[in-house]
Amino acid sequence: MDVYGLWKKTAYMSITRNSIMTKDNKPLNLVIIGQGAIGLLWYSHFYKNLDDGGVYLLKHGKNNKQQTISFTDINNHNEEIPRQEVTIDGLASAKTILICVKCYQIDQVIQSISPHLNNHTKIILCHNGMGGLSELSQALLIKHNVLTLLTTHGSLKMSSSMLKHTGLGQSDLGYYRGNITTSDRNKLIQAFNTALPTTAWCENIKEKQWLKLAINCVINPLTAIYNIDNGQVLAVKFEETINEVLHELIAVAQCEGVHFNFKSLKNKVLEVAYKTAKNSSSMRCDVLAKRSTEIAHINGYIQKLGIQYDIKTPTNDSLIAQIQPLYLGSC
Ligand code: PAF
């Protein structure tokens, strides 16, 4: 039995009387909340690599969606993935819940799902940006092990049922709060790694969160403002802006106890732009679809901390000011 099979077997053995069994008697195991580009990317990979189909999407919205997701993988291979959905009552039987929503939606999601959760359920938060969990949500999650999943994969949702994996990235999983056994942790990491490599366990997820923030502070606003693919931020004309965004971020991060070397940070940011060159960033997609953007939790987070620590952040401020008129909503 592969390791992932072991994880599923453990889940199967630990089901309670209240467990929801699917039509074909499979235990409900992992539920993904959020059917955006990243939620569907994880769902498709878990579904493909999970032989008993123990991954589900939380049902939302009207009942008019396609029964399958047309998924094109990184090698341009297309397949139809059945859309397995559960209602909110099904969350009580989930061992793990992966929340892939916008940073500004997390509070609303936590508050609506928390009455339905089993105390043993692990919650994994996967989003861009920082500062999304209010004190109320943190209190609601107090009984749970909460983890953070960071990913640099590029994914494009062409419609509610069409998804393309556009950039090969990597993911890091670490504690937001809590403590799970080493064996549970290993099973979880291997499950994610089997679904979509590579996923690594990270003891210091805060540093990785800041690295992801730096990537998003550069790629997201530039691609949204200039309506370009990620790879185009590598053009020489953006170099000065990129340098300034990163210098401001490094100064603010230092006050938060996170230390970066400018050259290596810049290389890491540019490497993601290169590896996801053909991807349309999430902020660019939001702007084009006239949805709220995550700017308040990305460059806005740098601006907020800059004010708090009395550090000037003019380039991040200017990117925020250029993004705001491009969308209709607020966040
Ligand atoms: O927000 C995004 O689009 C992604 O985080 C990333 C890594 C910039 C790839 O497009």
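Trainee: What do the buried residues of α7 pack against?

Mentor: The buried residues of α7 pack against α6, α8 (262-275), α10 and α11 (314-323), where contact means heavy atoms within 4.5 Å. This is a predicted model, in which local features need pLDDT of at least 70 and side-chain atom pairs count only at pLDDT 80 or more, while totals for chains, interfaces and linings use all residues. Residues are numbered from 1 along each chain as its sequence is written, and side-chain values use heavy atoms, with hydrogens and water left out.

Trainee: Which residues of α7 are buried?

Mentor: They are I242, V245, L246, E248, L249, I250, V252 and A253. Buried means under 20% relative accessible area, exposed over 50%, and partly exposed in between, with a 1.4 Å probe and protein chains only. An α-helix has 3.6 residues a turn, so residues three or four places apart point the same way.

Trainee: What makes W42 and F192 an edge-to-face pair?

Mentor: Rings of Phe, Tyr and Trp (its six-membered ring) pair if their centres lie within 6.5 Å; planes under 30 degrees apart count as stacked, over 60 as edge-to-face and the rest as tilted. This rule gives seven aromatic pairs. For W42 and F192 the centres are 5.2 Å apart and the planes stand at 70°, so both conditions hold. W42 lies in helix α2 (residues 37-49) and F192 in helix α5 (residues 182-195), 150 residues apart. Both W42 and F192 are buried. Ring pairs also join W42, F46 and F192 into a cluster.

Trainee: Why is the pair of W210 and Y301 called tilted?

Mentor: The ring centres are 6.0 Å apart and the planes meet at 55°, so the pair is tilted. W210 is in helix α6 (residues 205-226) and Y301 in helix α10 (residues 299-309), so the pair ties together parts 91 residues apart in sequence.

Trainee: How do you know that Y301 counts as buried?

Mentor: Its relative accessibility is 12%, which falls under the cut-off for buried. W210 is buried too, at 0%.

Trainee: What makes strand β7 covered on both faces?

Mentor: In β7 (residues 122-125), K122 and I124 on one side and I123 and L125 on the other are all buried. In a regular strand the side chains alternate between the two faces of the sheet.

Trainee: How do you know that strand β6 and β7 pair?

Mentor: Two strands pair if DSSP finds at least two bridges between them. β6 (residues 96-99) and β7 have four, in the parallel sense, and L98 stands opposite I124.

Trainee: Why is the crossover from β6 to β7 called right-handed?

Mentor: A crossover is right-handed if, with the strands pointing away from the viewer, the path from the first strand over the helix to the second runs clockwise. The β-α-β path from β6 through helix α3 (residues 106-113) to β7 is right-handed.

Terms used: Helix = DSSP H or I, 4+ residues; strand = E, 2+ residues; numbered from the N terminus.
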